Amino acid sequence: MCLTCGCGDEENIRVTTLDPRAAEDGPSGPADHGHGHAHGHGHGHGHDHPDGHTHDHDAVGPDGLGEAAHTETLVLSERILAKNDRLAEHNRNWLRERNIPAVNLMSSPGSGKTSLLERTIAELTGTREVCVIEGDQETLFDAERIRTAGARAVQVNTGAGCHLDAPMVRDAIGALAPSEGSLLFIENVGNLVCPALFDVGEQVKVVVISVTEGDDKPLKYPHMFTAADLVVVNKTDLLPYVDFDIAKLHQQARSLKPDVEIIALSVRHGDNLDAWYAWLHAL
Amino acid sequence: MAITQSVVDMVVDRTAGRRVASVQLQVGKLAGVVADAMRFCFELATSGTVLEGARLEIEETPGRAACRACRDEFDVADLVLLCPCGSADVRIVAGRELLVTSVQMVEEPCA
Ligand SMILES: Nc1nc2c(ncn2[C@@H]2O[C@H](COP(=O)(O)OP(=O)(O)OP(=O)(O)O)[C@@H](O)[C@H]2O)c(=O)[nH]1
Ligand SMILES: [Mg+2]
Ligand SMILES: [Zn+2]
């Protein structure tokens with residue numbers, strides 16, 4: 001029952017660590033209380049304001065809606081996502097202090113996010129430690145693929161949830177305990193809608209789109225493409241078989257975000273992966 | 001359930017157990033959130049809370065953008081930012097709001 005795509009059921013969120021090392025008492029994550037518990041949006045994370053505010057003295061007089069005698073107006077003027085965004089900022093600071101760039105990878109299902117990570121891990125082995133937070137509604141498949149590729153991974157299963165949020169990533173970072181100077185990838189749940197709304201504390205947002213999805217995606221999912229720092233166009237090896245106009249994609253993406261970077265590559269064939277590695281290197 | 005749940009959590013947090021008659025939101029047309037979907041979710045999200053039965057009032061605010069080239073301000077219906085003057089060097093100045101503006105609490109003597 002998420003407003004855009006029907007996600008919900010916060011009891012079903014699970015964080016699973018796939019590397020036994022992470023279970024040892026390494027550095028704790030961004031928050032100073034326990035981790036690894038299932039939690040939902042905004043529940044069980046304590047209150048952000050110290051007082052119990054049993055009385056609201058900033059309340060103004062009764063409104064004029066006919067219920068005037070019986071209601072009291074409390075003026076809040078507070079951003080709906082304030083709690084998520086505060087926690088995201090907390091995650092971001094924690095990561096920045098440890099010199100850990102965090103890359104939030106978002107796309108529709110199957111664009112090749114995990115494939116790109118597998119290749120990136122292989123490429124960076126021996127030069128830079130990579131850790132991955134995998135977000136999927138169900139299964140440990142992607143975290144297992146990452147571990148097989150040689151990196152540590154934590155799987156966040158969101159149940160019916162269609163995106164990762166800052167509390168989930170906070171818990172995942174706590175379970176993963178990425179070391180100073182490592183590179184953290186956050187593979188979001190495959191969905192071009194809701195993940196765009198939720199800051200998780202990343203340094204950069206990357207949208208992956210594959211050429212089989214069509215070149216009209218930026219204008220169909222404008223919020224996602226407006227939020228992107230980089231658009232990766234994957235599966236260029238399939239260009240001969242599909243009608244995908246890279247120039248059109250560029251034009252649409254730039255109409256939403258004039259300075260967005262765009263890298264077209266093929267994970268399968270390895271074409272232009274150097275541009276991606278160079279982009280990562282600059283983080 | 002994300003956004004609507006965040007509204008409920010915030011209001012529950014701020015109202016100290018008092019019953020809530022209505023909640024006022026401001027949702028910008030460029031905020032990426034569909035007001036009707038929030039209305040749809042609200043009843044389910046509030047059931048069993050102090051907000052149960054409360055009214056949800058959403059003020060939808062239009063998108064406005066400012067052009068850096070000609071310094072004009074104009075309405076925008078979507079995120080494609082192009083000034084009538086032809087410049088794309090445009091900044092959104094309104095329409096991305098996603099706020100709980102106020103809450104009406106039922107008057108009850110406080111113990
Ligand atoms: N032809 C071709 N196929 C690719 C390429 N990259 C990935 N694939 C294939 O695309 C499919 C999906 O890849 P994944 O890496 O699982 O995609 P994903 O984005 O992680 O998927 P979800 O996590 O389910 O959203 C797999 O069958 C990959 O082998 C590519 O560059 N070219
Ligand atoms: Mg994947
Ligand atoms: Zn102009």
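The following dialogue examines a predicted model, taking its sheets, helices and metal sites in turn.

Student: How many helices and strands are there in chain A?
Tutor: Chain A has 283 residues, of which 56% count as buried. Among its contacts with a separation of 6 or more, 74% are between residues 24 or more positions apart. The secondary structure of chain A comprises nine helices and nine strands.

Student: Which are the edge strands of the open sheet of eight strands in chain A?
Tutor: The strand order in this open sheet is β1-β5-β4-β6-β3-β7-β8-β9, and the pairing is mixed. An edge strand here pairs on one side only. That description applies to β1 (14–17) and β9 (261–264) of chain A.

Student: By what angle are neighbouring strands of this sheet turned against each other on average?
Tutor: The sheet in question is the open one of eight strands in chain A. With direction ignored, the average between neighbouring strands is 20°.

Student: Which residue in β7(A) stands opposite Ser107(A)?
Tutor: Strand β3 (residues 102–107) and strand β7 (residues 204–210) of chain A run parallel and are joined by five bridges. Ser107(A) has as its opposite residue in β7(A) Val208(A).

Student: At about what angle does helix α5 of chain A run to β5(A)?
Tutor: Helix α5 spans residues 166–176 and lies across β1, β4 (130–136), β5 (152–157) and β6 (183–187) of chain A. Relative to β5(A), the helix runs at about 150°.

Student: Which residues of chain A are the protein donors of the magnesium ion (ligand 2)?
Tutor: The donors lie 2.0 to 2.1 Å from the magnesium ion (ligand 2), and their spacing along the chain is T-x27-D-x44-E. The donor atoms are of the types OG1, OD and OE. They belong, respectively, to Thr114(A), Asp142(A) and Glu187(A).

Student: How many residues apart in sequence are the parts that Asp142(A) and Glu187(A) tie together?
Tutor: Both Asp142(A) and Glu187(A) are buried. Because Asp142(A) lies in helix α4 (residues 141–149) and Glu187(A) in strand β6 of chain A, the pair ties together parts of the chain whose separation in sequence is 45 residues.

Student: Why are the buried residues of helix α8 of chain A said to be on the same side?
Tutor: The buried residues of α8 (residues 246–256) are Leu249(A), Gln252(A), Ala253(A), Ser255(A) and Leu256(A). The face turned away from them carries the exposed residues Ala247(A) and Gln251(A).

Student: What covers the buried residues of α8(A)?
Tutor: The buried residues concerned include Leu249(A) and Leu256(A). Their cover includes elements of chain A, namely β7, α6 (217–220), α7 (222–227), β8 (230–234) and β9.

Student: With which residues is Lys248(A) in contact, leaving aside its neighbours within four places in sequence?
Tutor: Lys248(A) is found in helix α8 of chain A, and its relative accessibility of 32% makes it partly exposed. Once neighbours within four places in sequence are set aside, its contacts are Asp215(A) and Asp216(A).

Student: Which strands form the edges of the open sheet of four strands?
Tutor: This sheet has the order β2(A)-β6(B)-β1(B)-β2(B), with mixed pairing. From one strand to the next, the twist averages 15°. The strands that pair on one side only are β2 (71–79) of chain A and β2 (55–61) of chain B.

Student: Which residue in β2(B) is the bridge partner of Gln24(B)?
Tutor: Strand β1 (residues 20–28) of chain B pairs with β2(B) in the parallel sense over seven bridges. The bridge partner of Gln24(B) in β2(B) is Glu57(B).

Student: What is the arrangement of the four donor atoms around the zinc ion (ligand 3)?
Tutor: The SG atoms of Cys67(B), Cys70(B), Cys83(B) and Cys85(B) lie 2.3 Å from the zinc ion (ligand 3). Along the chain these donors follow the spacing C-x2-C-x12-C-x1-C. Because the donor atoms subtend angles of 104 to 116°, the arrangement is tetrahedral.

Student: Is Cys85(B) buried or partly exposed?
Tutor: Cys85(B) lies in the loop between β4 (73–76) and β5 (90–94) of chain B. Its relative accessible area is 45%, so Cys85(B) counts as partly exposed.

How values were computed: Residues are numbered from 1 along each chain as its sequence is written. Chains are lettered from A and ligands numbered from 1 in the order in which they are written. This is a predicted model: local features need pLDDT of at least 70, side-chain atom pairs count only at pLDDT 80 or more; totals for chains, interfaces and linings use all residues. Side-chain values use heavy atoms; hydrogens and water are left out. Two strands pair if DSSP finds at least two bridges between them. Helices (H or I, at least four residues) and strands (E, at least two) are DSSP runs, numbered from the N terminus. Axes are lines fitted to C-alpha atoms, for helices over the stretch in contact, and angles run from 0 to 180 degrees between N-to-C directions. Contact means heavy atoms within 4.5 Å. Donors are N, O and S atoms within 2.8 Å of the metal (3.2 Å for Na, K and Ca); water is not among the atoms, so sites may look incomplete. Four donors count as tetrahedral if all angles lie between 85 and 135 degrees; four count as square planar and six as octahedral if opposite donors are over 155 degrees apart and all others between 65 and 115; anything else is irregular. Buried means under 20% relative accessible area, exposed over 50%, partly exposed in between (1.4 Å probe, protein chains only).
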